Amino acid sequence: GPEAQSVCRHEVAIRSPVRPKGARMTGLILDAGAFIALERRKPAAVALLDRARARAVPLVTSAAVVGQVWRGHRAQAPIAIALRGPHLTVVGLSPAHGRLVGQMLGVTGGTDVVDAHVALLAREREWAVVTSDRPGQLQVFIASGLVLGLSLGFAWGWLNRRRHHNGEPGAARPGNVVRSGGVARHRYAPNPVGAEQGRTGSHGH
């Protein structure tokens, strides 16, 4: 089936750097840092979710991320609203994904299953991960070129300049994604996620 084909494809390419296709990135992956910023009502996080909702941009996160951030108290109302949104998809960790996550951790010497699943979701779709600049396993994946990372401000810049290209809704304009230190840097957006944090090692959330 499709999932088995995805496993085979990614088992072959699991060590290969991502080659960004700027004209084909149609959505974003959210990691725990994005939800934590939303709970704290950080302006960049609120603006990002509002813009994504207004422009019907698909967002994806891991069910493991939800388990990591969700505690069910009133202060988390912004997270609850985001999770109920029609454009946010929460993906579970299937057995097939579990195998690929293990391989990715084996490649990088890490142990953080949550960050590895987030990275896998990004690799499958060739989308960027919206993340914080905290040290962690995801930063290792970004610094090594396995996935692309965008700060909240960077991601908002991409959404703000999102254009239709060749009749395909949601495609970014060609040439706006460049490589630098393993991180996707859009020429028009400030505050890229620094690759230096990826060299500090893996830490828990």
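The dialogue below goes from the sheet to a helix, then to the core and some single residues.

Student: What kind of model is this?

Tutor: It is a predicted model.

Student: How many strands form the sheet, and in what order?

Tutor: To read a sheet, follow which strand pairs with which. Here 5 strands form an open sheet, and their order is S3-S2-S1-S4-S5. The pairing is parallel. Strand S3 (88-91) and strand S5 (148-150) are the edge strands, each with pairing on one side only. On average, neighbouring strands of this sheet are turned by 35° against each other, direction ignored.

Student: Which residue in S4 is the bridge partner of Leu 30?

Tutor: Start with the strands. S1 (residues 28-30) and S4 (residues 128-130) pair in the parallel sense over 3 bridges. Within S4, Val 130 is the bridge partner of Leu 30.

Student: Which strands does H7 touch where it packs on the sheet?

Tutor: H7 touches S1, S2, S3 and S4. The direction of H7 makes about 145° with that of S2.

Student: What span is expected for H7, and what span does it reach?

Tutor: Compare the end-to-end distance with the expected value. H7 has 13 residues and reaches 19 Å from its first C-alpha to its last, close to the 18 Å expected at 1.5 Å a residue. Helix H6 (residues 95-108) can be read in the same way. H6 has 14 residues and reaches 20 Å, close to the 20 Å expected.

Student: How many residues of H7 are buried?

Tutor: A residue is called buried when its relative accessible area is under 20%. In H7, 10 of the 13 residues are buried, so this helix is largely enclosed by the rest of the structure. The buried residues of H7 include Asp 115, His 117 and Arg 123, along with Val 118 and Leu 121. In H6, the buried residues are Ala 96, His 97, Leu 100, Val 101, Met 104 and Leu 105.

Student: How many residues make up the largest nonpolar core?

Tutor: The general idea is that nonpolar side chains tend to be buried together in soluble globular proteins. In this structure the largest nonpolar core has 49 residues. Those with the most contacts inside it are Leu 28, Ile 29, Leu 48, Val 130, Leu 138 and Phe 141. Helix H7 (residues 113-125) gives the largest share of this core, 7 residues.

Student: Which residues does Leu 48 touch, apart from those up to four places away in sequence?

Tutor: With those sequence neighbours not counted, Leu 48 touches Leu 28, Val 130, Leu 152, Ala 155, Trp 156 and Leu 159. Residues separated in sequence can also be compared by their C-alpha distance. Gly 157 and Leu 48 are 109 residues apart along the chain, and their C-alpha atoms are separated by 8.9 Å. Gly 157 lies in helix H9 (residues 152-160) and is buried, at 2% relative accessible area.

Student: Is Thr 61 buried or exposed?

Tutor: Thr 61 counts as buried because its relative accessibility is 0%. Its place is in strand S2 (residues 59-62). A polar atom of the Thr 61 side chain lies 2.8 Å from the backbone oxygen of Leu 30. Not counting residues up to four places away in sequence, the residues that Thr 61 touches include Leu 30, Phe 35, Val 90 and Leu 121.

Note on methods:
Residues are numbered from 1 along each chain as its sequence is written. This is a predicted model: local features need pLDDT of at least 70, side-chain atom pairs count only at pLDDT 80 or more; totals for chains, interfaces and linings use all residues. Side-chain values use heavy atoms; hydrogens and water are left out. A nonpolar core is a set of buried Ala, Val, Leu, Ile, Met, Phe, Trp, Tyr and Cys residues joined through side-chain atoms within 4.5 Å. Buried means under 20% relative accessible area, exposed over 50%, partly exposed in between (1.4 Å probe, protein chains only). Helices (H or I, at least four residues) and strands (E, at least two) are DSSP runs, numbered from the N terminus. Contact means heavy atoms within 4.5 Å. A polar contact is a pair of N or O atoms within 3.5 Å; within protein, one must be able to donate a hydrogen and the other to accept it, and residues adjacent in sequence count only if both atoms are side-chain atoms. Two strands pair if DSSP finds at least two bridges between them. Axes are lines fitted to C-alpha atoms, for helices over the stretch in contact, and angles run from 0 to 180 degrees between N-to-C directions. The expected span of a helix is 1.5 Å times one less than its number of residues.
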